[in-house]
Amino acid sequence: MTTDKVDIVIIGAGVVGLAVAAELSAQQPGRSIVVLEKNEAFGRETSSRNSEVIHAGIYYPSGSLKARLCVEGKELLYHFCEKWDIPHRRCGKLIVANTREEKVSLDALLEKAAANGVTDLEELERAELKRLEPHIRAECALYSPSTGIINSHSLMARLEQNALQNGALPAYCHLVTSVESLNAGSGCRVRFMNPDGTTDAIECNCLINCAGLSADRIAALCGIDTTAAGYTLRLCKGEYFSLPQNRAGLVNRLVYPPPLHELTGLGIHATTTLDGRLRLGPNTIYIEEEDYSIDSSHATDFYRAVKPFLPFVEEGELEPEMAGIRPKLSGPGEPFRDFIIREESDRGLPFLINLIGIESPGLTSCLSIARLVTNLINY
Ligand SMILES: Cc1cc2nc3c(=O)[nH]c(=O)nc-3n(C[C@H](O)[C@H](O)[C@H](O)COP(=O)(O)OP(=O)(O)OC[C@H]3O[C@@H](n4cnc5c(N)ncnc54)[C@H](O)[C@@H]3O)c2cc1C
């Protein structure tokens with residue numbers, strides 16, 4: 001890389017950093033934009049280790065960024081998929097209930113969804129449900145027709161391509177190691193390690209922190225007291241197990257239990273993949289270090305979680321598939337925390353836009369997040 005002064009540096013080439021690069025380079029042509037990514041290609045972390053669900057926006061507190069950006073992002077994403085031929089399927093999702101407590105929680109979800117502008121949910125009784133999905137066991141369900149699945153790799157490849165065509169430059173194997181403010185807050189100098197291990201620096205007027213699991217560390221490098229700011233991330237692993245190929249055709253829609261207690265995760269659910277597999281997960285395990293291993297003994301917990309609504313699942317047939325890590329702002333049992341998407345002038349860092357805690361529904365919301373970030377740039 002030879003450039004040493006640019007308008008905008010984006011840290012991180014996950015789906016969010018790429019969406020921001022694509023949107024900014026389209027909306028503000030002529031601005032020089034570099035994306036610094038420590039891995040050898042885009043999407044090697046959370047953006048390729050998730051359920052690949054286009055969420056409808058049902059669960060999040062009304063008025064939150066998660067609710068708003070998910071509902072907006074879903075529409076933008078379906079439109080983008082159609083325009084650019086990204087593999088996806090608007091397959092729909094069932095949130096199923098068997099117990100009294102679960103049925104009550106469906107009513108609450110219906111209200112929450114309506115408050116978020118999700119007005120297409122349908123209440124299904126047992127007979128209708130049986131007709132739609134004969135292999136599922138449930139007394140009733142909520143049906144979300146606008147939930148879908150997407151190939152996140154194809155999405156990121158297209159976003160990268162669009163950003164490149166608009167002149168933005170992704171720089172892979174470039175690990176950001178420090179950030180210094182320039183005089184009078186007129187930008188910053190970003191130091192990074194090159195692929196050959198040497199170090200270099202680049203100056204920019206605007207730095208956008210899309211560093212996923214490391215976003216709090218990048219904020220700290222910029223001089224923010226992340227504990228005082230409430231920016232400290234907790235890592236929360238989600239494991240997935242897959243079912244054998246012969247189970248794939250038994251369910252055509254996504255099937256979730258109701259989220260009964262809090263929103264650490266959405267409960268172990270079944271997703272169909274675009275290549276026709278049936279996958280269970282994710283669970284929620286808080287961890288201290290990034291670690292993508294899967295504990296195969298958790299198969300029993302997965303089996304017990306889904307057996308009530310997927311009676312055909314047998315314990316011995318679950319195979320460990322993959323794990324992803326959520327960058328969470330809340331610890332175990334702590335209340336809901338929203339996405340942080342913030343221009344940091346009031347901390348004396350007018351060049352900085354932080355995106356912290358971009359867990360689910362970050363994939364669904366990537367295009368609406370990119371629009372929001374573009375509107376925050378004020379120099
Ligand atoms: C188990 C699980 C299931 C999920 N399911 C869904 C779902 O079904 N639907 C949905 O909408 N969302 C889902 N999500 C959330 C979604 O995956 C994320 O919100 C989204 O991928 C976040 O993208 P990102 O670009 O912010 O982060 P990332 O993909 O993590 O990208 C951040 C990038 O920053 C880079 N980076 C970090 N530090 C540095 C540095 N110092 N220098 C240079 N580069 C750096 C990293 O290498 C990485 O590539 C799920 C998440 C998990 C964990």
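Which strands are included in what covers the buried residues of α3? The model examined here is predicted; local features need pLDDT of at least 70, side-chain atom pairs count only at pLDDT 80 or more, and totals for chains, interfaces and linings use all residues. Residues are numbered from 1 along each chain as its sequence is written.

Helix α3 spans residues 100-115. Helices (H or I, at least four residues) and strands (E, at least two) are DSSP runs, numbered from the N terminus. The 16 residues of α3 reach 23 Å from first C-alpha to last, close to the 22 Å expected at 1.5 Å a residue. The expected span is 1.5 Å times one less than the number of residues. E102, L109 and A113 of α3 are buried. A buried residue has 20 or more other C-beta atoms within 10 Å of its own, an exposed one 12 or fewer, and a partly exposed one a count in between, with C-beta atoms placed from the backbone. Seen down the axis of α3, the buried residues fall within an arc of 30°, so they line one face of the helix. The arc is that of the directions from the helix axis to the C-beta atoms. The cover over these residues includes β5 (93-97) and β7 (140-144). On the other side of α3, R100, A108 and E111 are exposed. G117 follows α3 and has a positive phi, near 85°.

The domain assignment gives domain 1 (5-48 + 153-232 + 336-376) and domain 2 (93-145 + 234-328). Their centres, taken over C-alpha atoms, are 32 Å apart. Each domain puts 8 residues into the contact, where contact means C-beta atoms, placed from the backbone, within 7 Å. Both domains give residues to the shell around the ligand, so the ligand lies between them. The shell holds 41 residues, and G12, G14, N50, G212 and G362 are the closest. At least two shell residues come from each of α1 (15-27), β10 (175-181) and β18 (319-328).

One runs from G281 to P282, with omega near -5°. P282 is in the loop between β16 (278-281) and β17 (285-287). Another joins S360 and P361, with omega about 5°. P361 is in the loop between β20 (349-356) and α9 (366-376).

E52 is not a glycine, yet its phi is positive, about 55°. E52 is buried, with 21 other C-beta atoms within 10 Å. D85, also other than glycine, has a positive phi near 60°. D85 counts as exposed, with 9 C-beta neighbours inside 10 Å.

How values were computed: Two residues are in contact if their C-beta atoms, placed from the backbone, lie within 7 Å. A residue is near a molecule or strand if its C-beta atom, placed from the backbone, lies within 6 Å of it. Domain bounds come from an automatic or database domain assignment.
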